[in-house]
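Work through the following exercises with the sequence and the structure side by side, and try each task before reading its solution.

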Amino acid sequence: MIKFFRSGNPLTVLLLLIYTLVVKFYYLVHPTTYLADGSEGLLYGLLVKWLHGFVGDSPFFFTALAVLMLVIQSLLFTKIVNHHRLFAKPTYLPAMCYLLFTSMLQSWNAFSPAIIVNLMMLWVFSSITELYTRTSARDIVFNIGFAIGICGLFYFPAIIFCLLLLVSMLFMRAFRLAEWIIALLGLVCPIYLMGTYLFLTNQTTLMWKIPNIGLSLPMITDYKVWGAMIACTLFFVLGWLLLQRPLKKMLIQSRKIWAAMIIYVLVAMLVPFFNVHFSPAYWVLAVLPVSMFAGNVFWCIPSDAFANIVHLITFAYVIIMQYFS
């Protein structure tokens with residue numbers, strides 16, 4: 001099966017849809033409603049309220065919507081990866097890995113602020129890949145900051161992704177103070193616009209919901225969470241180690257993009273600790289960039305048989321955790 005996903009044939013999308021139904025079938029049969037644990041942002045609350053007016057508390061609708069968004073994210077993410085030739089040839093392995101790894105926890109398949117933020121982070125990631133080649137990047141850094149600011153309105157701890165922007169600017173471009181200021185202005189702009197709207201519409205009582213952030217150092221006892229995090233960390237480390245040889249043959253831009261992805265993973269793993277109420281559901285933010293390194297693991301395995309065995313073991317783990325745990 002891996003050889004089909006390793007291919008860049010557009011018909012692989014059909015196989016990917018079938019694959020999605022297989023790995024997500026349990027969650028579609030046993031759906032959960034939207035996530036609302038007190039850590040969500042103002043825009044997320046308004047969006048859920050609007051959707052609730054149409055479908056009520058329908059668990060299937062919200063789970064199906066979350067799964068659909070995961071599929072769309074996997075395809076858009078793969079398109080960005082293939083456009084910048086981060087692998088030797090076009091491939092759908094990152095999309096496959098994203099759908100497979102997000103199937104390890106039910107909370108990663110529930111409609112949540114993190115699912116929406118991941119969609120916005122695709123815009124951020126796509127823009128970051130252009131930082132190195134642009135003579136002037138003021139418009140790009142403003143757009144990236146603006147997108148992260150919107151993420152903050154859905155899930156305020158996502159503001160921490162500004163570290164990804166600043167560090168990426170640090171090693172992808174020469175330091176220009178004006179660009180850093182513009183990036184920070186872009187970050188603040190959505191929050192300022194939202195605050196202005198609430199003031200003009202006499203809804204100032206909602207402003208206190210915008211800076212919804214805290215600090216949590218939880219004691220994780222759920223073995224499923226430990227299993228999912230160990231699997232993601234293992235594939236992330238292996239993917240990075242296997243990347244060292246082909247990295248030397250890549251263009252400088254590609255090397256810097258891979259380096260930015262490492263920062264992306266590290267920042268995304270830290271974000272959930274700034275919840276008002278800690279929830280492993282928000283670690284799905286890290287699964288998106290991890291899937292690129294996991295895809296590199298399958299890409300670098302020369303034997304299709306061995307690659308299929310690794311995939312089968314991971315796939316079996318996902319099914320066992322879903323049906324038999």
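**Exercise 1.** In this predicted model, find how D139 and R134 meet, and decide how each of the two residues is classed by its accessibility.

*Solution.* Begin with the contact itself: the side chains of D139 and R134 form a salt bridge, with N and O 3.1 Å apart. Next take D139, which has a relative accessibility of 40% and therefore counts as partly exposed, since that class lies between 20% and 50%. Then take R134, whose relative accessible area is 31%, so R134 is partly exposed.

**Exercise 2.** Which residue forms a salt bridge with R6, and which parts of the chain does the pair link?

*Solution.* The partner of R6 is D304, and the closest N and O atoms of this salt bridge are 2.6 Å apart. To place the pair, note that R6 belongs to helix α1 (residues 2-6), while D304 belongs to helix α13 (residues 304-323), so that distant parts of the chain, 298 residues apart, are linked.

**Exercise 3.** How many salt bridges does a search of the whole structure find, and are R173 and E179 buried or exposed?

*Solution.* The search of the whole structure finds 3 salt bridges. One of them joins the side chains of R173 and E179, where N and O are 3.1 Å apart. Both R173 and E179 are buried.

**Exercise 4.** Describe the largest pocket by its volume, its lining and the helices that contribute to that lining.

*Solution.* Start with the volume, which is about 320 Å³ for the largest pocket. Its lining consists of 17 residues, and those nearest the centre of the pocket are R85, L86, F87, A88 and M250. At least two lining residues come from each of the helices α10 (223-247), α11 (252-270) and α12 (284-300). Sorted by class, the lining of the largest pocket holds 10 nonpolar, 5 polar and 2 charged residues.

Note on methods: Residues numbered from 1 in each chain as written. Predicted model: local features only at pLDDT ≥ 70, side-chain atom pairs only at ≥ 80, totals over all residues. Heavy atoms only, no water. Salt bridge = Lys/Arg side-chain N within 4 Å of Asp/Glu carboxyl O. Helix = DSSP H or I, 4+ residues; strand = E, 2+ residues; numbered from the N terminus. Buried < 20%, exposed > 50% of the residue type's maximum accessible area, 1.4 Å probe, protein only. 1 Å grid on protein atoms, 1.4 Å probe; cavity = no way out; pocket = protein on both sides within 12 Å on 5 of 7 lines; lining within 4 Å. Points joined across faces, edges and corners; volume = space filled by probe spheres on them. Nonpolar A, V, L, I, M, F, W, Y, C, P; charged D, E, K, R; others polar.
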